[in-house]
Amino acid sequence: MKEWDKMYRSLNPAVDTKTPLVVLVNSGSASAAEIVSGALQDLDRAVIIGQRTFGKGLVQTTRPLTYNTQLKITTAKYYIPSGRCIQALDYSHRNPDGSEAKVPDSLISEFKTRAGRKVYDGGGVNPDYTTETPDISSISQSLINNYILLILLHCIKSSILSLPALATLKFQMPNTKSSLPGRMIKV
């Protein structure tokens, strides 16, 4: 519906248009992060480095229903300056098992950035330079998943724990057979 189309523009001129920008993205970069990184790429304002982004390019609106419930309806798609859509899943064409289908290669279109570089729609933002996803050791993954690194940084920042005291911390891998993660730190 044409009357729902909206374009947003800045009210003030840009403060800085010369400083080189690099934006790091991965498969966890979604929605607004994709819109900003894709717009910066389309306008040749930044170099995008990392892995293809998630591909969430749909706008959803909620409508109230009875019994204090709501219905979420997809009402629009996000388009970035080159005209491309970043949506990765094609909900209008399901796989035989009912799952969502990726946008097929035959429907992916080529677009051009402001400087004429080729960019493509149909599945998130492809970085200008792709990096490999590093293999993370199980102990590192456990530290990340259980927010241990964030807890340690907070403790250090709050002076609850000094750097020399880190050597006395006891770390225990969570029991993988248990559905409840073990507590990792004793301070």
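Colleague: Two strands pair if DSSP finds at least two bridges between them. With that in mind, which residue of strand 9 stands opposite G50?
Modeller: T130 does. Bear in mind that this is a predicted model. Strand 2, residues 46–50, is joined to strand 9 by two bridges, and the two strands run parallel.

Colleague: OK, and what order do the strands take in that open sheet?
Modeller: The order is 1-2-9, three strands with parallel pairing. Strand 1 and strand 9 (129–130) are the edge strands, each pairing on one side only.

Colleague: What holds paired strands of a sheet together in general?
Modeller: Backbone hydrogen bonds, whether the strands are parallel or antiparallel.

Colleague: Let's zoom out. How many helices and strands does the protein have?
Modeller: Three helices and nine strands. Reading from the N terminus, the elements go β-α-β-β-β-β-β-β-β-β-α-α.

Colleague: And how much of the protein counts as buried?
Modeller: 23% of its 187 residues. The protein exposes about 14100 Å², with carbon and sulfur atoms supplying 58% of that area. On contacts, if you take those between residues at least 6 apart in sequence, 57% join residues at least 24 apart.

Colleague: Which residues form the nonpolar patch on the surface?
Modeller: V22, L24, V47 and Y129, and together they have about 420 Å² of accessible area. V47 belongs to strand 2.

Colleague: Why does V47 count as partly exposed?
Modeller: Because its relative accessible area is 31%, and partly exposed covers what lies between under 20% (buried) and over 50% (exposed).

Colleague: Switching to salt bridges. How many does a search of the whole structure find?
Modeller: Five. One of them pairs R117 with D44, where the closest N and O atoms are 2.9 Å apart. R117 is in the loop between strand 7 (110–112) and strand 8 (118–120), while D44 is in the loop between helix 1 and strand 2, so the pair ties together parts that are 73 residues apart in sequence.

Colleague: Which other residue is linked with D44 and R117 in a network of salt bridges?
Modeller: D128. Its salt bridge with R117 has the closest N and O atoms 2.6 Å apart. That pair also links distant parts of the chain, with D128 sitting in the loop between strand 8 and strand 9, 11 residues from R117.

Colleague: What are the relative accessibilities of R117, D44 and D128?
Modeller: R117 is at 32% and counts as partly exposed. D44 is partly exposed too, at 27%, and D128 is partly exposed at 25%.

Colleague: What does K112 form a salt bridge with?
Modeller: With E110, the closest N and O atoms being 3.7 Å apart. K112 is partly exposed at 45%, and E110 is partly exposed at 41%.

Colleague: New topic: the hairpin of strand 5 and strand 6. Which residue there takes a positive phi?
Modeller: G98, with phi near 95°; five residues lie between the strands. Strand 5 (residues 89–94) and strand 6 (residues 100–102) run antiparallel and are joined by three bridges. R94 stands opposite E100 in strand 6.

Colleague: Last one. Is S29 buried or exposed?
Modeller: Buried, because its relative accessible area is 13%, and the cut-off for buried is under 20%. S29 is placed in the loop between strand 1 (21–25) and helix 1 (32–42). Leaving out residues up to four places away in sequence, S29 touches E34, T53 and F54.

How values were computed
Residues are numbered from 1 along each chain as its sequence is written. This is a predicted model: local features need pLDDT of at least 70, side-chain atom pairs count only at pLDDT 80 or more; totals for chains, interfaces and linings use all residues. Side-chain values use heavy atoms; hydrogens and water are left out. Helices (H or I, at least four residues) and strands (E, at least two) are DSSP runs, numbered from the N terminus. Buried means under 20% relative accessible area, exposed over 50%, partly exposed in between (1.4 Å probe, protein chains only). Contact means heavy atoms within 4.5 Å. Patches are made of residues with over 30% relative accessible area and no salt bridge: like charges are joined within 9 Å, nonpolar side chains (Val, Leu, Ile, Met, Phe, Trp, Tyr) within 5 Å. Accessible areas come from the Shrake-Rupley method with a 1.4 Å probe; for residues, only the protein chains shown count as cover. A salt bridge is a side-chain nitrogen of Lys or Arg within 4 Å of a carboxyl oxygen of Asp or Glu.
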